[in-house]
Amino acid sequence: MLVMLWGTSICLGLLPVMGWNCLRDESTCSVVRPLTKNNAAILSISFLFMFALMLQLYIQICKIVMRHAHQIALQHHFLATSHYVTTRKGVSTLALILGTFAACWMPFTLYSLIADYTYPSIYTYATLLPATYNSIINPVIYAFRNQEIQKALCLICCGCIPSSLSQRARSPSDV
């Protein structure tokens, strides 16, 4: 599946180089030159399909993780709610990452479906900018959701570790 995904990505990425571009007829250009409107639409629809598939898979994984965490808590005679809280934090971090991904990429994806080459370039850049920032936002989200990274940042910035961070025991599912 991974080879198929990489192969498809490489093929779609090489389309403009292989002559499937709009350089000869500017009226067929999309907002992402040199892609034609049809190629941009295919890429946008492919993105929407892959995002829906990814969302569905993550929902299934989260259901399995929640059920598994509950079973482990019951086997070890833990309170199911205490183990549930740490598992829920991991699931909420995943939801935050996916929500950020969607918020960053959806404007450009939808814009490239709707717009054509006559739209001002500033609109393209305005919708593409959040998509490029998605790679910067993810590490920040992980950093503020992980106790160990919070401790390290506090130690670096102010030379101390707040008592709220130092007293909590670390769990394997902390994300």
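Of the chain's contacts (heavy atoms within 4.5 Å) between residues at least 6 apart in sequence, 55% link residues at least 24 apart. The model is a predicted one, with local features needing pLDDT of at least 70 and side-chain atom pairs counting only at pLDDT 80 or more, while totals for chains, interfaces and linings use all residues. Residues are numbered from 1 along each chain as its sequence is written, and side-chain values use heavy atoms, with hydrogens and water left out.

As for secondary structure (DSSP runs numbered from the N terminus, with helices being H or I of at least four residues and strands E of at least two), the chain has six helices and zero strands. Read from the N terminus, that gives α-α-α-α-α-α.

Some 26% of the 175 residues come out as buried (under 20% relative accessible area, 1.4 Å probe, protein chains only). The chain exposes about 11,900 Å² (Shrake-Rupley method, 1.4 Å probe), and 71% of that comes from carbon and sulfur atoms.

Then there is the largest pocket, holding about 970 Å³ of space. Its lining takes in 27 residues, with Leu-5, Ser-9, Ser-46, Phe-47 and Met-50 the closest to the centre. Helices H1 (2–14), H2 (37–75) and H3 (80–114) each give two or more residues to this lining, and H2 gives the most, at ten. By type, the lining splits into 20 nonpolar residues, seven polar and no charged. A pocket here is an open set of points on a 1 Å grid where a 1.4 Å probe fits, with protein on both sides within 12 Å along at least five of seven lines; lining residues have an atom within 4 Å of a point.

Technical notes
Grid points are joined across faces, edges and corners, and a volume is the space filled by probe spheres set on the points. Ala, Val, Leu, Ile, Met, Phe, Trp, Tyr, Cys and Pro count as nonpolar, Asp, Glu, Lys and Arg as charged, and the others, Gly among them, as polar. Buried means under 20% relative accessible area, exposed over 50%, partly exposed in between (1.4 Å probe, protein chains only).
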